[in-house]
Amino acid sequence: MRRRGVLDVAMLDDHSFGIRAPIWWGNLLMIFIEGTAFALMIVAYYYIRRNFNTWPPERTYLPDMGVSTVNVVLQLISVAPMWYAARLAFEHRPPEEVGRWLMLVIAFGIAAIVLRAFEFRGLHTRYDSNAYGSITWMILVTHLAHLIAGSLETLLIALVMFKGPVEKKHYTDATVMAVYWYFVVGSWVAIWLVVFVSVRFI
Amino acid sequence: MTATRDRVQLKASTQSALGVVSVALLGCSGFQSVLDPKGPRAEDVARLHWTFTAIATVVYVIVISALLYALWRASTRKPFIDEHQYHENPDQAAVMKRGVIIAVSATVIIMLAALVMSVSTGSAVATVPDAKPLRIDVVGHQWWWEVVYDDPIPQNVVKTANEIHVPVGRAVLLKMRSTDVIHSFWAPNLAGKKDLIPGHETVTWFRADTAGIYRGQCAEFCGYQHAKMAFYIVAQPRLDFERWLTQQRETAPKPTDSLTQTGERVFLSAPCAMCHSIGGTGAFGNIGPDLTHLASRRTIAAGTLPLTTGNLAGWILDPQSIKPGVKMPPTQLDPQSLQALLAYLGTLK
Amino acid sequence: MAYSQSLPMRDDDRPDPPPLISAEVESDVRAKLSATWKEKSGFYGWLTSTNHKSIAKRYVVTAIIFFILGGIEAAMMRAQLSRPENRFIGPDLYNQIFTMHGSTMMFLFAVPVMEAVGLYLVPLMIGTRNVAFPRLNALGYWMYLGGGLLLYGAFFLNTGPDAGWFAYVPLSGPAYSPGKRVDIWAQMITFTEIAALIGAVEIVTTIFKQRAPGMSLNRIPLFVWGQLITAFMIIFALPAIVVSSTMLATDRLIDTHFFNPAEGGDALLWQHLFWFFGHPEVYIIFIPALGMVSSVVETFTQRRIFGYPAMILSMVSTAFLGFGLWVHHMFATPLPQLGQSFFTAASSAISIPSGVQIFCWIATIWSGRPRFTTSFMFVIGFFFLFIIGGLTGVMIASVPYDLQVHDTFFIVAHFHYVLLGGAVFPLFAGFYLWYPKLTGRMLSEKLGKWNFWLFFIGMNITFFPMHILGLMGMPRRVYTYLPEMGWGPLNALSSFGALFIAASALIFLINVFKSLRTGAPAGDNPWNAPTLEWATSSPPPSYNHLFIPVVEGRDPIWDAPAGELSVVTGLRTDRHEGLVTSIMDAIPERRYEFKKETILPFLLAVVAGSWIAVAIFTPWGVTIGGILAFIILACWFWPTISPEHDTEVALKKGKP
């Protein structure tokens with residue numbers, strides 16, 4: 001088969017952001033997978049609720065609102081430095097600048113992880129007490145895993161930004177990381193509404 | 001099926017309890033068959049089956065004929081030489097479009113017809129026809145069926161196992177639960193399945209319009225001996241059924257001769273009484289089936305063996321070789337004790 | 001060389017078509033690409049490979065090995081059931097074997113093999129050099145292999161799972177399945193679900209972002225559409241089994257109570273979650289097979305598939321409906337009447353998109369000129385068998401009907417007609433179609449015909465009587481039955497039929513191995529097929545296409561005027577570079593460097609794999625494994641700039 005070159009792509013850039021970047025799509029699909037898992041756990045939460053007369057079950061205190069609400073606020077605030085870091089990355093600003101803002105996000109991440117310990121205590125139930133305890137613990141532990149993974153990944157990107165060698169594609173990684181972080185925060189807001197708020201009304 | 005009949009039939013001594021249920025009724029075409037309905041629920045579904053099968057056969061023949069015609073027509077055509085070598089020319093396209101549209105429309109119509117039939121049959125079989133059905137409790141165990149005829153008066157509660165006696169022509173409402181894993185109650189000649197699920201109480205109903213003995217078996221995989229978890233539904237004329245029920249309400253007769261008295265002692269002193277109960281004795285075990293009227297039943301080990309003295313002896317000594325994994329442990333008995341025990345159990349009619 | 005930056009629609013009014021690429025330039029590019037994309041040789045090279053073809057071939061071979069193992073298990077079950085009260089295998093082994101058969105065929109054969117064929121062919125068909133994330137792809141294979149080894153290792157140590165491939169609680173729970181058997185099953189699921197999800201992410205991203213310029217959505221081959229739709233189904237269906245198998249594992253290992261009714265748990269929660277995954281799973285197996293049927297019909301009738309948009313819409317609607325009918329596996333559980341009718345309607349509605357596709361294929365055949373090759377014969381067999389399975393499917397969608405045949409051999413017959421007829425026959429058709437591309441040699445047509453006829457006849461002898469057995473009251477998953485049930489003769493017939501299938505499988509293997517060495521050389525495009533995988537040599541070079549093609553129609557090879565292929569120039573040949581294009585119209589957006597081969601995916605799979613296996617015994621496995629996995633991931637993502645890289649892309653040099 002003879003070939004005719006009809007299109008020269010040598011001038012095209014070799015990195016891109018958003019829907020033009022494969023990694024952005026890979027990350028989005030990952031979010032679909034994990035989002036579906038969270039959604040199914042929330043469905044399971046309400047499914048299990050039907051087996052109890054009261055919710056939370058008898059002789060179980062309502063989960064504490066205090067710490068979890070602080071955690072919601074904290075995580076929502078952490079979106080701001082993440083957004084700013086992503087914007088700096090998008091503008092190809094010096095890597096150290098991006099890295100500094102990412103470090104701020106990690107500080108929030110660590111705070112959220114620490115608060116999570118108190119949240120478990122505030123549930124006033126254990127994973128092996130009954131099905132209510134099992135499902136609330138499962139949801140919180142899964143989200144904790146996301147917080148840890150998100151913070152570690154952010155740390156990794158921050159380290160790359162400080163230590164180098166930094167390529168343009170690492171800027172893309174930083175912006176994609178931001179999308180993932182928004183997902184982690186958003187899913188916490190949803191979980192908080194289910195596990196800490198809706199429990200008071202159903 | 002003569003051999004079948006013989007094997008499933010009980011010893012002559014139990015036939016009185018079976019009333020007019022005759023050998024002829026047992027055999028006909030299949031005593032565990034969807035296509036030999038003996039009650040309204042199974043009849044509706046059997047009708048649905050034949051209708052569906054007819055429609056499906058016609059659809060299949062038509063579609064396959066169309067495929068064969070297409071293959072034949074295409075292979076007899078001359079090789080392509082026109083510019084439409086790789087895709088249809090406009091004339092062909094019009095024919096193909098029309099063909100596909102007609103076929104898809106027919107599919108939709110047939111599908112909707114099947115749906116209507118299905119939903120109307122579904123609501124028919126979901127409704128219990130009698131205002132006052134006979135209520136029976138069924139409890140699933142690994143791997144046998146506990147059957148309880150409840151009664152407000154405690155002495156009148158009847159407990160049996162793996163055999164459900166019902167009156168002909170009256171709807172029966174089963175209230176079912178499971179104490180261990182999920183089982184599924186299925187007597188195909190009478191009705192479709194219903195699962196027995198721990199933590200959920202389920203309800204099903206059936207009505208036997210013809211006297212007879214219908215076999216059913218667990219239809220949800222429930223572990224080791226899922227294969228050997230059968231039961232019988234004995235449909236009897238009303239009077240026979242009531243006679244049977246009255247008889248089942250009695251406690252076990254006191255042993256009269258020395259052999260059966262020894263047998264009772266063996267039963268109470270051997271591990272038997274830890275799991276089984278016999279009304280009127282000190283045996284109140286509730287892990288295994290109630291044996292108060294054991295000898296009136298047709299089979300042992302949930303339909304695994306016909307109840308004969310030999311089978312019963314084999315079962316008591318070594319149940320694990322007959323039904324590996326069954327919860328009943330082997331029992332060590334010397335020959336005399338065994339004989340006595342068998343004689344005693346034989347009196348539990 | 002810069003002819004056009006815009007989407008190239010060759011148009012006859014355009015002046016001066018660009019010149020043909022000269023043979024010297026071609027051989028120069030070929031030499032450079034071969035050097036750049038050369039795979040390391042030896043065992044270490046094998047462990048580190050990230051080329052999608054090498055990995056997909058491994059996937060296919062491994063899946064076929066599991067298919068054979070699953071087949072041997074099936075044969076053992078048929079031997080046991082061939083006569084009443086047979087003592088060939090007892091309940092303990094039988095329960096393990098049917099659980100293994102189901103789990104193997106679903107998790108280790110059907111889903112992986114369909115994804116594997118996609119991972120091999122999709123990049124070739126859409127004209128790219130590798131999948132989007134080559135290292136992740138390698139990880140997927142190793143995880144899959146780990147899951148298979150775990151399951152079979154345990155099975156040979158008499159710790160094979162025995163609670164069914166559906167593992168219904170409470171039977172599979174801590175109280176009724178002590179020991180580690182069900183834990184093995186749950187962790188095997190973890191492995192294979194990771195592998196399947198990775199494959200799905202690869203396929204979606206690759207199809208979205210790496211199609212050859214000009215391959216707009218309405219020019220994607222139907223096979224690739226099938227893969228894309230399936231990958232989306234995997235992404236939304238598998239989380240259900242991730243969640244439910246995790247719940248099962250924690251119930252068993254750390255005393256949670258998700259399924260324990262005494263503490264508010266619910267056995268039906270498992271069934272809902274399992275079938276929310278389990279039903280789409282059937283379409284995850286079936287839709288790629290539909291794509292294969294389209295490829296085969298198109299190739300062997302030499303006609304474009306009629307009704308391309310209808311075909312795509314049918315697959316998409318099948319996928320959507322596939323998520324709306326999981327409850328038809330649960331008709332015997334307590335459910336509201338109205339809900340049941342909804343699921344009946346959804347289940348029968350599947351017949352409409354299936355019908356559309358069947359009629360479009362028949363129309364294509366009608367207008368074409370069929371060549372009765374083995375591949376095409378398997379597709380004809382597909383019609384004969386799948387339609388039976390489809391029609392019984394409409395029957396069992398009916399609640400009252402299903403209550404009679406649910407969990408009987410009628411269902412066994414139904415889904416073997418659907419899965420063997422609807423997925424394995426197309427798979428064989430595809431194998432005969434693409435084997436020449438994979439190996440460069442043709443399979444023997446003579447052995448192929450034997451392969452087909454024995455399979456077709458054996459399939460019908462084995463599975464048709466099961467319909468009748470089910471109606472005669474024979475439940476599934478029984479290790480034996482009493483002589484007086486009257487099921488003996490039909491079971492004997494069914495077991496006899498299995499011999500034909502075994503013979504067919506043997507002939508297939510002989511054909512594969514013999515043709516590997518003595519088959520006729522295939523050439524680039526032995527069947528005159530229309531899609532891009534046939535535009536490169538057989539087997540394809542490691543870089544797939546010498547130049548990325550530019551697509552000017554739905555059937556690029558047939559549409560290319562006088563054997564001339566329009567191609568992209570200007571991609572770098574000194575690194576693993578591909579082209580990223582836009583989602584809708586495949587307009588070039590940027591160049592893209594693929595990650596190179598590395599040992600890290602293998603190491604990660606070993607660490608993650610042993611962590612999952614250790615977690616069966618102690619929860620600490622998760623903690624320790626997590627730390628090790630993070631270390632490897634850090635190495636994975638840590639940037640490395642090799643000397644041949646452009647220095648200008650590196651904004652900041654690190655320490656050497």
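**Strand pairing and contacts among the chains**

Analyst: In this predicted model, A:Arg2 has C:Glu564 as its bridge partner in S1(C). That bridge belongs to a pairing between strand S1 (residues 2-8) of chain A and S1(C).

User: Which residues are in contact where chain C meets chain A, and what elements of chain C take part?

Analyst: Contact requires C-beta atoms within 7 Å. By that criterion 68 residues of chain C are in contact with 52 residues of chain A. The elements of chain C that give two or more residues to this side include helix H6 (181-209), helix H7 (222-253), strand S1 (564-569) and helix H19 (620-637). By class, this side of chain C has 45 nonpolar, eleven polar and twelve charged residues.

User: How many residues are in contact between chain C and chain B, and which element of chain C gives the largest share?

Analyst: On this side, 75 residues of chain C are in contact with 76 residues of chain B. Helix H4 (91-126), helix H8 (267-301) and helix H12 (374-397) of chain C are among the elements that give two or more residues. The largest share, twelve residues, comes from H11(C). The residues of chain C on this side divide into 43 nonpolar, 23 polar and nine charged. Of the two pairs of chains in contact, chains B and C share the most contacts.

User: What is the relation between chain A and chain B?

Analyst: Chain A and chain B do not touch, and their nearest C-alpha atoms are 9 Å apart.

User: Why is chain A called more spread out than a compact globule?

Analyst: The radius of gyration of chain A is 21 Å, whereas the globule rule gives 17 Å for 202 residues; the value is well over the rule, so chain A is described as more spread out than a compact globule. The C-alpha trace of chain A spans about 75 × 45 × 25 Å along its principal axes.

User: What secondary structure does chain A have, and in what order do its elements run?

Analyst: Chain A has five helices and two strands, and from the N terminus on they run β-α-α-α-α-β-α. In chain A, 47% of the 202 residues count as buried. Among contacts between residues at least 6 apart in sequence, 82% join residues at least 24 apart.

User: How do you know what confidence the prediction has in chain A?

Analyst: Confidence is expressed as pLDDT, on a scale from 0 to 100. The mean for chain A is 93, and 100% of its residues reach 70 or more. Confidence in chain A is lowest in strand S2 (residues 166-167), at a mean of 84, and highest in helix H1 (residues 22-49), at 96.

User: Why is strand S9 (residues 212-217) of chain B called largely enclosed?

Analyst: A residue is buried if 20 or more other C-beta atoms lie within 10 Å of its own. Six of the six residues of S9(B) are buried, so the strand is largely enclosed by the rest of the structure. Both faces are covered: B:Gly212, B:Tyr214 and B:Gly216 are buried on one side, and B:Ile213, B:Arg215 and B:Gln217 on the other. In chain B as a whole, buried residues make up 44% of the 349 residues.

User: What makes S4 and S9 of chain B edge strands?

Analyst: The sheet is open, with three strands in the order S4-S10-S9 and mixed pairing. Strand S4 (163-167) and S9 of chain B each pair on one side only, and they are the edge strands. The twist averages 20° from one strand to the next. Helix H6 (residues 238-249) of chain B packs on the sheet and touches S4 and S10 of chain B; its direction makes about 135° with that of S4(B).

User: How do S9(B) and strand S10 (residues 230-236) of chain B run, and how many bridges join them?

Analyst: They run antiparallel and are joined by six bridges. In S10(B), B:Phe231 stands opposite B:Gly216, and B:Ala235 stands opposite B:Gly212.

Methods
Residues are numbered from 1 along each chain as its sequence is written. Chains are lettered from A and ligands numbered from 1 in the order in which they are written. This is a predicted model: local features need pLDDT of at least 70, side-chain atom pairs count only at pLDDT 80 or more; totals for chains, interfaces and linings use all residues. A residue is buried if 20 or more other C-beta atoms lie within 10 Å of its own, exposed if 12 or fewer, and partly exposed in between; C-beta atoms are placed from the backbone. Helices (H or I, at least four residues) and strands (E, at least two) are DSSP runs, numbered from the N terminus. Ala, Val, Leu, Ile, Met, Phe, Trp, Tyr, Cys and Pro count as nonpolar, Asp, Glu, Lys and Arg as charged, and the others, Gly among them, as polar. Two strands pair if DSSP finds at least two bridges between them. The radius of gyration is taken over C-alpha atoms; the globule rule is 2.2 Å times the number of residues to the power 0.38. Axes are lines fitted to C-alpha atoms, for helices over the stretch in contact, and angles run from 0 to 180 degrees between N-to-C directions.
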